[in-house]
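Hello,

Here is the structure I promised to pass on. Please take a look, then read my notes below.

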Amino acid sequence: MMGASDRRRSLAWPRWSPPFGTTAPTPGPRRPRLPRQLTSSTRDSLVSSCTNLLNGLLNAALLAFSAYHGQTDEIAAYVAVTAALTLVSIAVAGGSPLLYISGDAEQRLAVRSQWVFVTLPCMVLATVAIGSFYSRSGYAWSAMLSIALVAVGNHQANFQLADLARELRFVSTAVAVCGCKVPALVMVALGGQLSSALLVAAVIQFLAAEAFLGRRSWLRPRFLAELSMRRALSAFRMNRHLFTYSIAEYWGARMAAVLLSLLVTPQVMGAFGAVLSVYQAQTSVLTAALRVSLVGRVRRRQGLANASNGRQGEVVAIAGAVTMTVASVVAAPWIVDDLLRLPPDGPALWLVLLAVALPFMTIVRAVTLNQIGEASYRHATRIMVLNAALITPVALTAVPLAGATGAAAATLAAEVLTGAVLGLALLRRRGRLHALLLGPVGGSTAGLPAVPAVDPASQGQISTSTGPGGFRD
(Lines give C-alpha, C1' and ligand atoms only; values in the text may rest on other atoms or scores of the structure.)
Protein backbone atom coordinates (compact mmCIF):
# COMPACT_ATOMS: atom_id res chain seq x y z
CA MET A 1 0.00 0.00 0.00
CA MET A 2 1.45 3.32 -1.05
CA GLY A 3 2.10 5.93 1.54
CA ALA A 4 1.21 9.59 1.19
CA SER A 5 4.75 10.54 0.18
CA ASP A 6 4.90 7.77 -2.50
CA ARG A 7 1.51 8.83 -3.88
CA ARG A 8 2.66 12.43 -4.21
CA ARG A 9 5.86 11.29 -5.89
CA SER A 10 3.95 9.13 -8.42
CA LEU A 11 1.57 11.96 -9.29
CA ALA A 12 4.37 14.50 -9.61
CA TRP A 13 5.19 15.90 -13.05
CA PRO A 14 7.97 13.80 -14.62
CA ARG A 15 11.35 15.42 -14.93
CA TRP A 16 12.46 16.50 -18.40
CA SER A 17 14.81 14.10 -20.21
CA PRO A 18 16.50 14.60 -23.58
CA PRO A 19 15.10 12.76 -26.65
CA PHE A 20 16.51 9.35 -27.50
CA GLY A 21 19.84 9.56 -29.25
CA THR A 22 20.71 13.00 -27.96
CA THR A 23 22.65 14.15 -24.99
CA ALA A 24 21.64 16.75 -22.50
CA PRO A 25 23.52 20.03 -22.82
CA THR A 26 26.22 20.32 -20.25
CA PRO A 27 25.76 23.38 -18.09
CA GLY A 28 28.45 26.01 -18.33
CA PRO A 29 30.69 26.88 -15.45
CA ARG A 30 28.81 28.60 -12.68
CA ARG A 31 29.93 32.01 -11.57
CA PRO A 32 31.23 31.85 -8.03
CA ARG A 33 28.69 33.27 -5.64
CA LEU A 34 29.97 35.69 -3.02
CA PRO A 35 29.69 34.44 0.53
CA ARG A 36 26.76 35.82 2.44
CA GLN A 37 29.03 37.01 5.26
CA LEU A 38 31.10 39.04 2.83
CA THR A 39 28.01 40.71 1.40
CA SER A 40 26.47 41.45 4.80
CA SER A 41 29.75 42.79 6.19
CA THR A 42 30.23 45.07 3.20
CA ARG A 43 26.64 46.26 3.45
CA ASP A 44 26.99 46.97 7.16
CA SER A 45 30.23 48.87 6.55
CA LEU A 46 28.63 50.97 3.84
CA VAL A 47 25.51 51.67 5.91
CA SER A 48 27.59 52.64 8.94
CA SER A 49 29.91 54.83 6.88
CA CYS A 50 27.06 56.52 5.03
CA THR A 51 25.34 57.15 8.35
CA ASN A 52 28.33 59.03 9.69
CA LEU A 53 28.86 60.73 6.34
CA LEU A 54 25.31 62.07 6.41
CA ASN A 55 25.76 63.00 10.07
CA GLY A 56 28.94 64.85 9.15
CA LEU A 57 27.16 66.74 6.38
CA LEU A 58 24.41 67.73 8.80
CA ASN A 59 27.02 68.88 11.33
CA ALA A 60 28.76 70.88 8.60
CA ALA A 61 25.44 72.50 7.73
CA LEU A 62 24.88 73.34 11.41
CA LEU A 63 28.31 74.94 11.60
CA ALA A 64 27.77 76.78 8.31
CA PHE A 65 24.50 78.33 9.46
CA SER A 66 26.02 79.15 12.86
CA ALA A 67 29.02 80.83 11.26
CA TYR A 68 26.71 82.63 8.83
CA HIS A 69 24.77 84.08 11.77
CA GLY A 70 28.01 85.09 13.51
CA GLN A 71 27.93 82.43 16.26
CA THR A 72 31.66 81.75 16.34
CA ASP A 73 31.56 82.10 20.14
CA GLU A 74 29.08 79.22 20.29
CA ILE A 75 31.34 77.08 18.09
CA ALA A 76 34.34 77.88 20.26
CA ALA A 77 32.40 76.97 23.42
CA TYR A 78 31.32 73.70 21.83
CA VAL A 79 34.88 72.69 20.96
CA ALA A 80 36.40 73.74 24.30
CA VAL A 81 33.72 72.37 26.66
CA THR A 82 33.33 69.10 24.74
CA ALA A 83 37.08 68.49 24.81
CA ALA A 84 37.30 69.26 28.53
CA LEU A 85 34.36 67.03 29.51
CA THR A 86 35.64 64.21 27.33
CA LEU A 87 38.89 64.34 29.29
CA VAL A 88 36.94 64.17 32.55
CA SER A 89 34.93 61.16 31.40
CA ILE A 90 38.11 59.35 30.37
CA ALA A 91 39.86 60.23 33.63
CA VAL A 92 37.05 58.73 35.75
CA ALA A 93 35.95 55.89 33.45
CA GLY A 94 38.81 55.12 31.08
CA GLY A 95 37.84 53.15 28.00
CA SER A 96 34.38 52.16 29.19
CA PRO A 97 32.72 52.61 25.75
CA LEU A 98 35.28 50.29 24.16
CA LEU A 99 34.92 47.75 26.97
CA TYR A 100 31.15 47.97 26.61
CA ILE A 101 31.21 47.08 22.91
CA SER A 102 33.92 44.39 23.19
CA GLY A 103 33.11 42.84 26.60
CA ASP A 104 30.75 40.15 27.81
CA ALA A 105 27.45 40.55 29.67
CA GLU A 106 29.06 40.95 33.12
CA GLN A 107 31.48 43.60 31.84
CA ARG A 108 28.69 45.55 30.15
CA LEU A 109 26.65 45.49 33.37
CA ALA A 110 29.68 46.79 35.29
CA VAL A 111 30.10 49.62 32.76
CA ARG A 112 26.45 50.56 33.15
CA SER A 113 26.89 50.77 36.92
CA GLN A 114 30.06 52.80 36.54
CA TRP A 115 28.31 55.28 34.25
CA VAL A 116 25.39 55.83 36.64
CA PHE A 117 27.24 55.91 39.97
CA VAL A 118 30.64 57.38 39.03
CA THR A 119 30.98 58.95 35.58
CA LEU A 120 27.73 60.91 35.41
CA PRO A 121 28.11 62.64 38.83
CA CYS A 122 31.74 63.51 38.05
CA MET A 123 30.78 65.07 34.71
CA VAL A 124 28.09 67.17 36.40
CA LEU A 125 30.58 68.47 38.98
CA ALA A 126 33.19 69.08 36.29
CA THR A 127 30.71 71.21 34.34
CA VAL A 128 30.75 73.78 37.14
CA ALA A 129 34.54 73.91 37.29
CA ILE A 130 34.97 74.05 33.50
CA GLY A 131 32.31 76.74 33.16
CA SER A 132 33.95 78.87 35.83
CA PHE A 133 37.32 78.57 34.10
CA TYR A 134 36.20 79.42 30.56
CA SER A 135 33.79 82.16 31.64
CA ARG A 136 36.84 84.27 32.50
CA SER A 137 37.86 84.13 28.82
CA GLY A 138 34.56 85.48 27.52
CA TYR A 139 32.49 82.31 27.04
CA ALA A 140 28.76 82.54 27.87
CA TRP A 141 27.50 80.45 30.77
CA SER A 142 24.25 79.52 29.03
CA ALA A 143 26.05 78.15 25.99
CA MET A 144 28.52 76.19 28.10
CA LEU A 145 25.75 74.66 30.21
CA SER A 146 23.79 73.53 27.16
CA ILE A 147 26.90 72.10 25.53
CA ALA A 148 27.80 70.28 28.76
CA LEU A 149 24.42 68.55 28.66
CA VAL A 150 25.06 67.71 25.01
CA ALA A 151 28.42 66.17 25.94
CA VAL A 152 26.77 64.04 28.64
CA GLY A 153 24.15 62.92 26.12
CA ASN A 154 26.80 62.04 23.56
CA HIS A 155 28.62 59.90 26.12
CA GLN A 156 25.38 58.10 26.92
CA ALA A 157 24.70 57.68 23.20
CA ASN A 158 28.00 55.81 22.82
CA PHE A 159 26.61 53.01 24.98
CA GLN A 160 23.21 52.97 23.28
CA LEU A 161 24.73 52.84 19.80
CA ALA A 162 27.09 50.11 20.99
CA ASP A 163 24.06 48.02 21.96
CA LEU A 164 22.59 48.51 18.50
CA ALA A 165 25.92 47.71 16.84
CA ARG A 166 26.31 44.45 18.77
CA GLU A 167 22.92 43.44 17.37
CA LEU A 168 24.02 44.50 13.82
CA ARG A 169 21.16 47.04 13.68
CA PHE A 170 22.97 49.70 11.67
CA VAL A 171 19.82 51.02 9.98
CA SER A 172 18.31 51.82 13.37
CA THR A 173 21.55 53.57 14.26
CA ALA A 174 21.28 55.65 11.09
CA VAL A 175 17.76 56.78 11.96
CA ALA A 176 18.70 57.65 15.55
CA VAL A 177 21.89 59.53 14.65
CA CYS A 178 20.76 61.44 11.56
CA GLY A 179 17.09 61.95 12.32
CA CYS A 180 17.78 64.02 15.41
CA LYS A 181 19.90 66.52 13.45
CA VAL A 182 17.07 67.63 11.15
CA PRO A 183 15.14 69.62 13.82
CA ALA A 184 18.42 71.10 15.04
CA LEU A 185 19.30 72.19 11.50
CA VAL A 186 15.91 73.86 11.10
CA MET A 187 16.37 75.71 14.40
CA VAL A 188 19.81 77.04 13.46
CA ALA A 189 18.69 77.97 9.95
CA LEU A 190 15.89 80.08 11.46
CA GLY A 191 18.39 81.93 13.64
CA GLY A 192 18.39 79.83 16.81
CA GLN A 193 21.44 79.30 18.97
CA LEU A 194 23.73 76.39 18.13
CA SER A 195 23.92 75.19 21.74
CA SER A 196 20.14 75.05 22.10
CA ALA A 197 19.73 73.21 18.80
CA LEU A 198 22.34 70.62 19.77
CA LEU A 199 20.62 70.07 23.10
CA VAL A 200 17.32 69.37 21.34
CA ALA A 201 19.11 66.95 19.01
CA ALA A 202 20.71 65.12 21.96
CA VAL A 203 17.33 64.64 23.66
CA ILE A 204 15.73 63.32 20.46
CA GLN A 205 18.64 60.94 19.85
CA PHE A 206 18.41 59.56 23.38
CA LEU A 207 14.68 58.91 23.12
CA ALA A 208 14.99 57.37 19.64
CA ALA A 209 17.78 55.01 20.74
CA GLU A 210 15.75 53.95 23.79
CA ALA A 211 12.78 53.20 21.55
CA PHE A 212 14.89 51.08 19.19
CA LEU A 213 16.47 49.14 22.06
CA GLY A 214 13.05 48.24 23.45
CA ARG A 215 13.45 45.63 26.19
CA ARG A 216 17.19 46.29 26.33
CA SER A 217 16.87 50.03 26.87
CA TRP A 218 18.73 51.79 29.65
CA LEU A 219 15.60 53.04 31.43
CA ARG A 220 14.06 49.61 31.98
CA PRO A 221 13.47 48.97 35.72
CA ARG A 222 15.03 45.51 35.36
CA PHE A 223 18.35 46.98 34.23
CA LEU A 224 18.27 49.74 36.82
CA ALA A 225 17.69 47.17 39.57
CA GLU A 226 20.82 45.25 38.53
CA LEU A 227 23.09 48.27 38.95
CA SER A 228 25.23 48.52 42.06
CA MET A 229 28.23 50.36 43.42
CA ARG A 230 30.09 47.07 43.77
CA ARG A 231 29.77 46.47 40.02
CA ALA A 232 30.76 50.08 39.35
CA LEU A 233 34.01 49.62 41.27
CA SER A 234 34.70 46.32 39.54
CA ALA A 235 34.56 48.13 36.19
CA PHE A 236 37.82 49.90 37.06
CA ARG A 237 39.56 46.54 37.38
CA MET A 238 38.06 45.26 34.12
CA ASN A 239 38.88 48.50 32.39
CA ARG A 240 42.51 48.88 33.46
CA HIS A 241 43.92 47.85 30.06
CA LEU A 242 41.79 50.33 28.10
CA PHE A 243 42.29 53.22 30.53
CA THR A 244 45.72 54.10 29.18
CA TYR A 245 44.48 53.53 25.64
CA SER A 246 41.66 56.05 26.05
CA ILE A 247 43.89 58.64 27.68
CA ALA A 248 46.45 58.30 24.89
CA GLU A 249 43.77 58.46 22.19
CA TYR A 250 42.28 61.58 23.71
CA TRP A 251 45.69 63.16 24.10
CA GLY A 252 46.58 62.53 20.47
CA ALA A 253 43.26 63.78 19.11
CA ARG A 254 42.53 66.75 21.41
CA MET A 255 45.84 67.90 22.84
CA ALA A 256 46.55 70.43 20.09
CA ALA A 257 43.02 71.88 20.23
CA VAL A 258 43.04 72.21 24.02
CA LEU A 259 46.45 73.90 23.95
CA LEU A 260 45.26 76.26 21.22
CA SER A 261 42.16 77.24 23.23
CA LEU A 262 44.44 78.46 26.03
CA LEU A 263 46.52 80.69 23.73
CA VAL A 264 44.12 82.31 21.24
CA THR A 265 40.91 84.35 21.35
CA PRO A 266 37.45 82.74 21.14
CA GLN A 267 37.08 84.11 17.59
CA VAL A 268 40.21 82.32 16.32
CA MET A 269 39.26 79.21 18.29
CA GLY A 270 35.82 79.31 16.71
CA ALA A 271 37.27 79.38 13.19
CA PHE A 272 39.64 76.51 13.97
CA GLY A 273 36.82 74.64 15.71
CA ALA A 274 34.70 74.81 12.56
CA VAL A 275 37.53 73.34 10.47
CA LEU A 276 38.32 70.77 13.16
CA SER A 277 34.66 69.72 13.22
CA VAL A 278 34.86 68.94 9.50
CA TYR A 279 37.92 66.77 10.15
CA GLN A 280 36.25 65.04 13.10
CA ALA A 281 33.16 64.36 10.98
CA GLN A 282 35.40 62.71 8.38
CA THR A 283 37.18 60.63 11.01
CA SER A 284 33.84 59.50 12.44
CA VAL A 285 32.82 58.25 9.00
CA LEU A 286 36.02 56.23 8.69
CA THR A 287 35.89 54.94 12.25
CA ALA A 288 32.31 53.78 11.70
CA ALA A 289 33.44 51.47 8.90
CA LEU A 290 36.19 50.11 11.13
CA ARG A 291 33.71 49.53 13.97
CA VAL A 292 31.86 47.02 11.78
CA SER A 293 34.98 44.86 11.61
CA LEU A 294 35.47 45.36 15.36
CA VAL A 295 31.95 44.08 16.06
CA GLY A 296 32.54 41.11 13.74
CA ARG A 297 35.68 40.11 15.61
CA VAL A 298 33.97 40.46 18.98
CA ARG A 299 31.03 38.31 17.88
CA ARG A 300 33.35 35.67 16.44
CA ARG A 301 35.46 35.63 19.61
CA GLN A 302 32.38 35.24 21.81
CA GLY A 303 30.88 32.53 19.58
CA LEU A 304 27.82 34.52 18.51
CA ALA A 305 25.93 33.89 15.30
CA ASN A 306 26.38 35.93 12.12
CA ALA A 307 30.04 36.64 12.87
CA SER A 308 31.90 38.31 10.01
CA ASN A 309 35.37 37.11 9.08
CA GLY A 310 36.19 39.58 6.33
CA ARG A 311 38.12 42.83 6.27
CA GLN A 312 35.58 44.77 4.26
CA GLY A 313 35.42 47.49 6.91
CA GLU A 314 39.13 48.21 6.56
CA VAL A 315 38.91 48.24 2.75
CA VAL A 316 35.95 50.61 2.75
CA ALA A 317 37.59 52.88 5.33
CA ILE A 318 40.95 53.17 3.55
CA ALA A 319 39.32 53.78 0.16
CA GLY A 320 37.06 56.37 1.75
CA ALA A 321 40.01 58.07 3.47
CA VAL A 322 41.87 58.51 0.19
CA THR A 323 38.73 59.82 -1.52
CA MET A 324 38.02 62.28 1.29
CA THR A 325 41.59 63.53 1.23
CA VAL A 326 41.50 64.30 -2.48
CA ALA A 327 38.04 65.89 -2.25
CA SER A 328 38.98 68.01 0.78
CA VAL A 329 42.21 69.28 -0.78
CA VAL A 330 40.44 70.25 -4.00
CA ALA A 331 37.35 71.74 -2.34
CA ALA A 332 39.10 73.39 0.65
CA PRO A 333 38.61 76.99 -0.60
CA TRP A 334 34.93 76.37 -1.32
CA ILE A 335 34.34 74.67 2.05
CA VAL A 336 36.02 77.48 3.96
CA ASP A 337 34.72 80.47 2.01
CA ASP A 338 31.27 79.52 0.70
CA LEU A 339 30.16 76.77 3.08
CA LEU A 340 31.58 77.80 6.46
CA ARG A 341 32.09 81.49 5.62
CA LEU A 342 35.35 81.71 7.56
CA PRO A 343 38.11 84.29 7.12
CA PRO A 344 40.08 83.63 3.90
CA ASP A 345 43.53 83.54 5.50
CA GLY A 346 44.44 80.31 7.25
CA PRO A 347 41.38 78.03 7.45
CA ALA A 348 41.88 76.55 3.96
CA LEU A 349 45.44 75.54 4.86
CA TRP A 350 44.25 74.03 8.17
CA LEU A 351 41.70 71.90 6.33
CA VAL A 352 44.30 70.69 3.81
CA LEU A 353 46.74 69.68 6.54
CA LEU A 354 44.06 67.79 8.46
CA ALA A 355 42.75 66.11 5.30
CA VAL A 356 46.17 64.72 4.40
CA ALA A 357 46.27 63.05 7.83
CA LEU A 358 43.10 61.03 7.13
CA PRO A 359 44.65 57.96 5.41
CA PHE A 360 47.36 57.63 8.07
CA MET A 361 44.81 58.01 10.86
CA THR A 362 42.66 55.31 9.25
CA ILE A 363 45.51 52.82 9.09
CA VAL A 364 46.47 53.45 12.72
CA ARG A 365 42.89 53.10 13.98
CA ALA A 366 42.35 49.97 11.88
CA VAL A 367 45.27 48.28 13.61
CA THR A 368 44.23 49.35 17.11
CA LEU A 369 40.56 48.42 16.72
CA ASN A 370 41.55 45.03 15.33
CA GLN A 371 43.64 44.46 18.43
CA ILE A 372 40.74 45.48 20.67
CA GLY A 373 38.39 43.17 18.79
CA GLU A 374 40.76 40.29 19.52
CA ALA A 375 41.04 41.42 23.19
CA SER A 376 44.73 42.35 22.71
CA TYR A 377 44.35 45.57 24.68
CA ARG A 378 48.04 45.87 25.53
CA HIS A 379 49.16 46.03 21.89
CA ALA A 380 46.48 48.60 21.04
CA THR A 381 47.55 50.70 24.02
CA ARG A 382 51.18 50.74 22.90
CA ILE A 383 50.18 52.14 19.51
CA MET A 384 48.08 54.94 20.97
CA VAL A 385 50.76 55.81 23.52
CA LEU A 386 53.19 56.11 20.62
CA ASN A 387 50.81 58.47 18.83
CA ALA A 388 50.41 60.64 21.94
CA ALA A 389 54.16 60.67 22.54
CA LEU A 390 54.80 61.84 18.98
CA ILE A 391 52.25 64.66 18.96
CA THR A 392 53.30 66.13 22.33
CA PRO A 393 56.67 67.70 21.42
CA VAL A 394 55.42 68.76 17.99
CA ALA A 395 52.34 70.50 19.40
CA LEU A 396 54.23 72.16 22.25
CA THR A 397 56.57 73.64 19.66
CA ALA A 398 54.27 74.37 16.73
CA VAL A 399 51.14 75.72 18.46
CA PRO A 400 52.86 78.62 20.34
CA LEU A 401 54.79 79.52 17.17
CA ALA A 402 52.18 79.06 14.42
CA GLY A 403 48.85 79.00 16.27
CA ALA A 404 46.06 77.11 14.52
CA THR A 405 48.33 76.20 11.59
CA GLY A 406 50.74 74.62 14.03
CA ALA A 407 47.91 72.64 15.65
CA ALA A 408 46.85 71.20 12.29
CA ALA A 409 50.47 70.46 11.34
CA ALA A 410 51.05 68.69 14.66
CA THR A 411 48.05 66.42 14.05
CA LEU A 412 49.34 65.55 10.59
CA ALA A 413 52.88 64.88 11.81
CA ALA A 414 51.72 62.59 14.62
CA GLU A 415 49.55 60.45 12.33
CA VAL A 416 52.23 60.19 9.63
CA LEU A 417 54.96 59.23 12.08
CA THR A 418 52.76 56.66 13.84
CA GLY A 419 51.78 55.11 10.52
CA ALA A 420 55.43 54.99 9.47
CA VAL A 421 56.46 53.26 12.69
CA LEU A 422 53.66 50.70 12.28
CA GLY A 423 54.72 50.06 8.70
CA LEU A 424 58.34 49.46 9.69
CA ALA A 425 57.24 47.17 12.50
CA LEU A 426 55.08 45.15 10.12
CA LEU A 427 57.88 44.83 7.58
CA ARG A 428 60.31 43.76 10.27
CA ARG A 429 57.85 41.24 11.68
CA ARG A 430 57.37 39.59 8.28
CA GLY A 431 61.04 39.70 7.35
CA ARG A 432 60.58 42.10 4.46
CA LEU A 433 62.53 45.00 5.96
CA HIS A 434 65.74 42.97 5.76
CA ALA A 435 65.02 42.15 2.12
CA LEU A 436 64.33 45.79 1.26
CA LEU A 437 67.52 47.03 2.90
CA LEU A 438 69.93 44.23 1.98
CA GLY A 439 68.42 42.82 -1.21
CA PRO A 440 67.13 39.33 -2.04
CA VAL A 441 68.06 36.24 -0.10
CA GLY A 442 70.26 34.97 -2.93
CA GLY A 443 72.46 38.02 -2.65
CA SER A 444 72.78 38.61 -6.39
CA THR A 445 71.67 42.22 -6.13
CA ALA A 446 73.38 43.31 -2.94
CA GLY A 447 76.61 41.41 -3.61
CA LEU A 448 76.05 39.05 -0.68
CA PRO A 449 77.06 35.39 -0.82
CA ALA A 450 74.31 33.18 -2.19
CA VAL A 451 72.45 30.86 0.16
CA PRO A 452 73.03 27.22 -0.83
CA ALA A 453 70.04 25.35 -2.18
CA VAL A 454 68.18 23.01 0.12
CA ASP A 455 68.29 19.31 -0.71
CA PRO A 456 64.82 18.12 -1.84
CA ALA A 457 64.94 15.11 0.48
CA SER A 458 65.73 17.22 3.50
CA GLN A 459 63.15 19.79 2.39
CA GLY A 460 60.53 17.08 2.35
CA GLN A 461 61.55 16.02 5.85
CA ILE A 462 61.29 19.56 7.08
CA SER A 463 57.90 20.12 5.49
CA THR A 464 56.46 16.95 6.99
CA SER A 465 57.75 17.80 10.45
CA THR A 466 55.87 21.10 10.59
CA GLY A 467 52.19 20.39 10.78
CA PRO A 468 49.26 22.52 11.80
CA GLY A 469 50.98 23.44 15.03
CA GLY A 470 54.12 24.76 13.38
CA PHE A 471 55.17 28.35 12.92
CA ARG A 472 53.21 30.52 10.53
CA ASP A 473 54.22 33.58 8.58
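Predicted model: local features only at pLDDT ≥ 70, side-chain atom pairs only at ≥ 80, totals over all residues.

Residues are numbered from 1 along each chain as its sequence is written, and side-chain values use heavy atoms, without hydrogens or water.

**Core.** The largest nonpolar core has 107 residues. (Such a core is a set of buried Ala, Val, Leu, Ile, Met, Phe, Trp, Tyr and Cys residues joined through side-chain atoms within 4.5 Å; buried means under 20% relative accessible area, exposed over 50%, partly exposed in between, with a 1.4 Å probe and protein chains only.) L85, Y245, M269, F272, L340 and I372 touch the most other members. Helix 13 (residues 266–301) gives the most, 16 residues. Helices are DSSP runs of H or I, at least four residues, numbered from the N terminus. Beyond four places in sequence, I372 touches residues including L98, Y245 and R301.

**Pocket lining.** Which residues lie nearest the centre of the second largest pocket? They are L53, L57, V278, Q282 and I335, out of 16 lining residues. Helix 14 supplies the largest share of this lining, 7 residues. (A pocket is an open set of points on a 1 Å grid over the protein atoms alone, where a 1.4 Å probe fits, with protein on both sides within 12 Å along at least five of seven lines; lining residues have an atom within 4 Å of a point.)

**L386.** This residue sits in helix 17 (residues 377–402). L386 is partly exposed, at 26% relative accessible area. Setting aside neighbours within four places, L386 contacts T418 and V421; contact means heavy atoms within 4.5 Å.

Best wishes

Definitions and conventions: Helix = DSSP H or I, 4+ residues; strand = E, 2+ residues; numbered from the N terminus.
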